[in-house]
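Please take a moment to look over the sequence and the model together before reading on.

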Amino acid sequence: MSASTLRSHSDSDSLVLRHNTVARSLRAELYRLRAWPAMWATVGTWFLLAMVFGYVFPYVSYTTGTAGFSTEGEPTEALLRSVLPESIPDVLVQGTPLFGGALVLVLGALIAGNGYSWGTWKTVFTHGRLRPTIGALLALAVIVAAMVVVTAVLCTIVSVSLAAIESQPLTMPSADALLRSAGTAYLVFMMWGTIGFALCTYARSAALSVGLGLVWTLVVENLLRGVGSALQLVEDVTAFLPGTAAGSLVGAVTGGGDGTPGVVDVISGPRALITVTAYIVVAVVTTGVLVRSRDVN
Amino acid sequence: MTEDTRITTTDPPGRVPSTGTDTVVETSALTKRYGDRAAVDAVDMTVRRGEIYGFLGPNGAGKTTTLRMILGLIRPTSGTVRVLGRPAGSREASASTGALIEGPGFFPYLSGRANLRTLARHRGLSDRSVEEVLARVGLVDRGGDAYKSYSLGMKQRLGVAAALLGDPELIVLDEPTNGLDPSGMADMRALIVELARSGHTVILSSHLLGEVQEICDRVGVIANGRLVRESTVSTLLGDAVLKVRGTPVHRVVSIASDLAGENGFEIDGDSVLLDLPPDRAPEVVRALVAEDVDVSSIGPAERTLEDVFFEMTTASTPMKGA
């Protein structure tokens with residue numbers, strides 16, 4: 001057997017082993033995360049808020065004829081349409097740029113961060129650093145995927161029920177629209193989740209990164225957008241920020257910034273898609289570089 | 001086929017095939033600097049296969065930094081560390097190493113068993129291996145309890161169990177008896193001795209010098225980042241000296257100076273320690289009696305590791321203002 005063939009076999013064996021070890025770390029991370037009350041509390045809060053803002057408030061406004069801040073200015077017919085099955089794609093994504101993203105940022109930061117405060121990364125990193133970190137990032141990706149799927153199921157159950165209660169025709173959204181919406185929700189969640197993970201890896205503290213991340217997502221970007229309307233330079237910079245990209249991507253799916261908090265139409269859909277994807281890549285690469293290069297104290 | 005390929009494809013996760021060398025850990029001019037301060041300074045340390053190596057030093061001397069470099073958790077500023085012939089932190093070296101460093105680190109909301117299962121899954125080990133290590137540290141019955149409910153001693157034992165997962169060849173234990181009651185300490189010592197007997201190599205860092213003297217084969221003493229001594233315990237303790245009690249003491253001292261030299265004796269309370277082998281006791285007695293010294297007692301005296309440790313670390317620790 002030639003040396004090059006041997007090397008090729010060795011490389012492929014090594015690749016298989018690396019794949020297996022990452023899969024093992026993914027299993028390990030999911031095993032410990034599923035028993036973590038903080039994870040369920042964060043995910044459960046998303047489900048609750050998504051249903052409250054997506055269905056409860058609009059439906060109450062529709063039935064009572066009153067308007068809250070999330071339903072203000074919407075005609076009655078539009079309110080009813082927004083809670084029927086045809087609007088599932090809109091409801092699925094509309095909460096992701098603001099409170100959904102903030103919650104997943106917290107989730108990403110918690111998954112990465114508590115390992116530093118409890119000293120568990122020190123224990124795990126004794127047997128390699130990058131593979132457990134990739135396993136934790138993949139666990140985040142799996143949890144986010146489950147969040148999107150479960151949200152879609154909840155939206156379907158609630159909207160079909162409301163359609164039945166209101167005796168409305170059952171018009172389901174197209175598979176294409178549903179997939180586009182689910183994909184958008186997934187990307188926006190992953191952007192904020194990986195940013196939270198990277199922030200926490202940098203700070204090695206969940207509390208600090210959660211605090212900074214939330215202030216950024218909920219306050220700073222909104223302020224900058226406000227200032228940007230007066231200052232061209234700030235407006236140009238704002239167009240590259242993660243919140244703007246996430247809001248614009250969702251806006252492209254739902255048909256523009258319709259007053260839903262966090263949903264904007266500052267940049268085009270394709271540009272927003274590229275920006276969101278770039279943030280995910282940068283956050284993951286930054287995490288990998290930090291974990292590999294820094295000492296574990 | 002290269003040795004690397006054999007390792008990655010055929011061997012179980014816990015063991016790397018022997019490299020044929022008796023050296024398990026070898027550091028060469030190992031240095032870690034933080035700014036201008038050298039936490040570890042040019043340390044040449046050798047740990048041999050199957051031995052219990054006691055790693056001693058005062059707080060802040062550089063013990064844990066050195067151990068972390070051996071585990072690949074900290075990168076040296078300069079110098080090298082090889083573990084089982086591989087660079088520290090490499091997959092092959094890590095696969096054969098288990099460690100408890102600066103206290104156990106576990107998820108508080110998981111049980112002890114679930115914590116170990118998480119670690120086992122990361123490394124592709126079975127749940128059976130978890131039960132085996134729980135049994136070795138006596139935690140089978142409490143394995144299902146939440147880690148946050150454990151006592152300090154139980155947490156420490158779980159940390160040791162994590163270090164034993166996968167039956168690694170090299171086990172690094174930093175203060176493993178911290179928080180254990182006397183019975184737990186005795187059990188831990190017995191476990192460490194048993195590990196060495198069954199072919200494992202153990203690096204034991206401990207402040208309990210009696211414990212180190214009792215079970216370690218060799219010791220390395222680090223002070224101010226430098227390895228000031230590395231040898232077998234018996235060599236470190238040196239030969240027994242002669243301990244003499246007699247009056248008047250100044251005559252005993254004068255004779256001690258004549259026989260052992262000016263630097264060959266020291267006064268220890270009402271006794272004088274002569275740096276002479278015990279078989280020269282008759283000669284010493286004759287000299288004392290000839291000078292009208294009333295000899296109360298004479299006999300061999302062995303130094304303890306604690307004596308030696310304080311001598312070395314005090315000598316190498318600069319005094320304030322010096």
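Two residues are taken to be in contact if their C-beta atoms, placed from the backbone, lie within 7 Å. By that rule, the contact between the two chains takes 31 residues from chain B and 28 residues from chain A. Helices (H or I, at least four residues) and strands (E, at least two) are DSSP runs, numbered from the N terminus, and on the side of chain B that touches chain A, helix 1 (3-10), helix 3 (91-95), strand 6 (97-100) and helix 4 (112-122) of chain B each supply at least two residues. The largest share of that side, six residues, comes from helix 4 of chain B. Sorted by class, the side of chain B that touches chain A has 15 nonpolar, 11 polar and five charged residues, where Ala, Val, Leu, Ile, Met, Phe, Trp, Tyr, Cys and Pro count as nonpolar, Asp, Glu, Lys and Arg as charged, and the others, Gly among them, as polar.

This is a predicted model, in which local features need pLDDT of at least 70 and side-chain atom pairs count only at pLDDT 80 or more, while totals for chains, interfaces and linings use all residues. Residues are numbered from 1 along each chain as its sequence is written, and chains are lettered from A and ligands numbered from 1 in the order in which they are written.

Chain B has 12 helices and 14 strands, and its C-alpha atoms fill a box of roughly 75 × 45 × 45 Å, taken along the principal axes. An automatic or database domain assignment gives domain 1 (23-235) and domain 2 (239-302) of chain B, and the C-alpha centres of these two domains lie 43 Å apart. Of the 322 residues of chain B, 44% count as buried; a residue is buried if 20 or more other C-beta atoms lie within 10 Å of its own, exposed if 12 or fewer, and partly exposed in between, with C-beta atoms placed from the backbone.

Helix 5 (residues 127-136) of chain B shows how burial can be arranged along one element. Its residues Val130(B), Val133(B) and Leu134(B) are buried, and, seen down the helix axis, the buried residues fall within an arc of 105° and so line one face of the helix, the arc being that of the directions from the helix axis to the C-beta atoms. These buried residues pack against helix 4 and helix 6 (152-164) of chain B, whereas the face turned away from the buried side carries the exposed residues Arg128(B) and Ala135(B). Helix 5 of chain B is followed by Gly138(B), whose phi is positive, near 70°.

Strand 9 (residues 218-223) of chain B has five of its six residues buried, so it is largely enclosed by the rest of the structure. Two strands pair if DSSP finds at least two bridges between them. Strand 9 of chain B pairs with strand 3 (residues 52-56) of chain B in the parallel sense over four bridges, with Val219(B) as the bridge partner of Gly54(B). With strand 10 (residues 226-232) of chain B, strand 9 pairs in the antiparallel sense over six bridges, and there Arg229(B) is the bridge partner of Val221(B). Strands 9 and 10 of chain B form a hairpin with two residues between them, and Asn224(B) in the turn has a positive phi of about 55°.
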